[in-house]
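Open the model in your viewer and keep the selection panel at hand. The stops below go one at a time.

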Amino acid sequence: MTSDEEDVAAILGGDADRFERIVGRYKGPLMQLAMRFTGDRSTAEEMAHVAFVSCYRALGTWRRKSAFSTWLFSIALNVYRSHLRRAQPSIPLDEELQSETSLEETISEQQEAAIVRRAVAFLPAKYRDPLVTFYFLDADLAETAAILRLPESTVKTRLRRGRHLLAQRLERQLSRGKR
Amino acid sequence: MIDPERIEAALRRRSDVEPSPFFERRVMNEIRAEAPAPLAFPWRHLAAAVMAGAVAVTLGARLFPADSFAAAALLVCAASLAAVERVVSLRA
């Protein structure tokens, strides 16, 4: 039994305090995942908070078919997506980007990553979600499909189109920067 | 043309952002306020009830004449509905 499974069994047995271990293990990844959807730190924290509470409420429905982390990220993604349906993504501020910075002008890998993430945040949700799940969570195709509850073939297609769209948008940004 | 590998590397790169120090405490306060702990969904009980119902209907069809079987089937349906209602009320 993994530590996740042990903790879930204890919580379902009535020891709610064991949920603190789960929060401790996954607070970083859930917060960072939220930052992929919104650049605002306090909004990301609030989204991660809601994701943990939703996870706790639904804990009894985890059927152990997939890893606990896969199930948790799936819940978190649903929470984040429904949040974004209510509010447009803001421009990520985590790396204090200058809005006119172009990819060619980047001076560090960190800034380059921030530009790419900003472009991803503004992609249509059907391309954004597979890209974030596949690359950020370092998930394989099957796990991405399980988290998004989509067929693998659909995820594959959306990843390909998403990458293409992303490259186009970054290219456009690059050519704007050259002018 | 932008190098696709650079894009992928940028997508994979993680930032060091962590929640604020009191994040865990805030989440746990809400969790404790929600107590009692969530119930495990009784999948096994539900599956056993459905199987028992199916067996009862199959046996009934073989053992009883059509009219008696219809009455027995109604009883089984009512019992199954009661079981499902019990499961749903446990979840609520």
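Start with chain B, coloured by pLDDT. This is a predicted model, and helix 2 of chain B, residues 23–34, has the highest mean pLDDT among the elements of that chain, at 90. Now select residues 66–91. This is helix 4 of chain B, where the mean pLDDT is the lowest among the chain's elements, at 70. Where pLDDT is low, the predicted coordinates should not be read in detail.

The average pLDDT is 75, and 78% of the residues score at least 70. For the model, the scores are ipTM 0.74 and pTM 0.68. Switch to cartoon. Chain B shows 4 helices and 0 strands. Read from the N terminus, the order is α-α-α-α. How many of the 92 residues of chain B count as buried? The share is 9%.

Next, the contact between the chains. Select 41 residues on chain A and 30 residues on chain B to cover the contact. On the chain A side, at least two residues each come from helix 1 (3–12), helix 2 (19–35), helix 3 (41–58), helix 5 (109–121), helix 6 (125–136) and helix 8 (152–178). Which helix of chain A gives the largest share of the side that touches chain B? Pick helix 2 of chain A: it supplies 9 residues. Colour the chain A side by class. You get 23 nonpolar, 7 polar and 11 charged residues.

Show side chains here. From helix 6 of chain A, select Asp129(A), Pro130(A), Thr133(A) and Phe134(A). They meet Thr144(A), Ile147(A) and Leu148(A) of helix 7 of chain A. By class, this helix contact has 4 nonpolar, 2 polar and 1 charged residues.

Last stop: Arg169(A), in helix 8 of chain A. Is Arg169(A) buried, exposed or partly exposed? Arg169(A) has 16 C-beta neighbours inside 10 Å, so the residue counts as partly exposed.

Methods
Residues are numbered from 1 along each chain as its sequence is written. Chains are lettered from A and ligands numbered from 1 in the order in which they are written. This is a predicted model: local features need pLDDT of at least 70, side-chain atom pairs count only at pLDDT 80 or more; totals for chains, interfaces and linings use all residues. Two residues are in contact if their C-beta atoms, placed from the backbone, lie within 7 Å. Ala, Val, Leu, Ile, Met, Phe, Trp, Tyr, Cys and Pro count as nonpolar, Asp, Glu, Lys and Arg as charged, and the others, Gly among them, as polar. A residue is buried if 20 or more other C-beta atoms lie within 10 Å of its own, exposed if 12 or fewer, and partly exposed in between; C-beta atoms are placed from the backbone. pLDDT is the predictor's confidence in each residue, from 0 to 100.
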